[in-house]
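Thanks for making time this morning.

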Amino acid sequence: MRRQVRPHLLRFLKHLGYNYLYMTSFALLFTLSAIGISETVYLIRKRIASEKPICPIGGGCTLVLSSKYNKIFIVPNDILGLLFYITASSISAFLFIGVPPLTFWSLIIKLSIAFGSILSLFFTYLQWRVIHAWCFWCLMSALTIWLMGSIILVSSLI
Amino acid sequence: MKKTSFHFLRVGLAITFLWIGVLIFKNPEAWGGYLQPWAVGLLPIPLAQAMIGTAILDIAIGAFLLIDFLPWLAALVGAIHILIVLTVSGITDITVRDIGLLVAALAIVIDSLPQEVLKWFIKKQQTPEIG
């Protein structure tokens, strides 16, 4: 009897662990994207008001944010960042609630975070080698996206 | 309040409201289970619908706080909402944390209240009633 129950129990515990891991990863992705939204909204407001953002570390925020790399085609990077974070937070909420089609949402969030991580890597390289100045908000955003990427990677591997 | 600490509190509370909204959306009936029977009896609409309405309100409060748009109004609505939650569900092992959220929301209201609103409120109190 015990031998029959154990595999079921193990499967149940595995299911619980799997669910717990996925739910935690969506909660973390949602939290990080919400932080990203607040950061990008702050930068957009400062840009519209033509004010300098507070630059706690580095001191090169203005130099980086007003450089020629501050937009892709005609869209400012802060707007692109905001759109990315709104998409990521909405999709992680959809995945958590279970809004179909789950496979599609899962693919979209993975692709967008992968793309965002590569773009953040490129922007960090620009700050380091081309502009020679560090922007606190840009680095915070890059770190947020890389953390989101790490969460996706870890949850996929386990 | 120092500016940085205000923003930490604002974003933290925003995420809490947003995530609670998402949690209620996921399982409105389960969250409705926290309501006292007398409160459920007062509802003019089904419990699940009322809980979905609560989720939408939570997400709206969270969104306003997150983008720093009328934070005093969002926090005021949030504080009233938490007060209602505490009234209709009672202070339990779960809702006891709402006391902290209520005070945090009130701190945001006090700190971000615009001077115009404050002046209007003071003026309203000082004006003697006619008749």
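In chain B, if we take the contacts with a separation of 6 or more, 67% of them are between residues 24 or more positions apart. Please keep in mind throughout that this is a predicted model. Chain B has seven helices and zero strands, so that, read along the sequence, the pattern is simply α-α-α-α-α-α-α. Its C-alpha atoms fill a box of roughly 45 × 45 × 25 Å along the principal axes, and of the 131 residues in chain B, 27% count as buried.

Let me go to the end of that series of helices. Helix α7 of chain B covers residues 115–126, and at 1.5 Å a residue its twelve residues should span 16 Å, which agrees with the 16 Å between its end C-alpha atoms. How many of the twelve residues of α7(B) are buried? The number is zero, and therefore α7(B) lies largely in the open.

Now to the place where the chains meet. Eleven residues of chain B are in contact with eleven residues of chain A. On the chain B side, helix α1, residues 3–26, gives the most, with eight residues, and by class that side has nine nonpolar residues, two charged ones and no polar ones.

As for A34(A), if we leave aside residues up to four places away in sequence, it touches S89(A) in its own chain, and A14(B), I15(B), L18(B) and L66(B) in chain B.

An unreviewed UniProt entry lists residues 7–25, 37–57 and 69–88 of chain B under "transmembrane region". Residues 7–25 of chain B are 100% helix and 0% strand, with end C-alpha atoms 27 Å apart. For residues 37–57 of chain B, the figures are 81% helix and 0% strand, with the end C-alpha atoms 22 Å apart.

The peptide bond from P100(A) to P101(A) is cis, with omega near 0°, and P101(A) has its place in the loop between α3 (77–97) and α4 (102–131) of chain A.

Is S50(A) buried or exposed? S50(A) is exposed, because 6 other C-beta atoms lie within 10 Å, and the cut-off for exposed is 12 or fewer.

In L70(B) phi is near 45°, and the residue lies in the loop between α4 (47–66) and α5 (71–89) of chain B. L70(B) has 14 C-beta neighbours inside 10 Å, and so counts as partly exposed.

That is what I wanted to show; I am happy to go back to any part of it.

How values were computed: Residues are numbered from 1 along each chain as its sequence is written. Chains are lettered from A and ligands numbered from 1 in the order in which they are written. This is a predicted model: local features need pLDDT of at least 70, side-chain atom pairs count only at pLDDT 80 or more; totals for chains, interfaces and linings use all residues. Two residues are in contact if their C-beta atoms, placed from the backbone, lie within 7 Å. Helices (H or I, at least four residues) and strands (E, at least two) are DSSP runs, numbered from the N terminus. Ala, Val, Leu, Ile, Met, Phe, Trp, Tyr, Cys and Pro count as nonpolar, Asp, Glu, Lys and Arg as charged, and the others, Gly among them, as polar. A residue is buried if 20 or more other C-beta atoms lie within 10 Å of its own, exposed if 12 or fewer, and partly exposed in between; C-beta atoms are placed from the backbone. The expected span of a helix is 1.5 Å times one less than its number of residues. UniProt positions are given in the numbering used here, feature names are shortened, and annotations may be inferred rather than shown by experiment.
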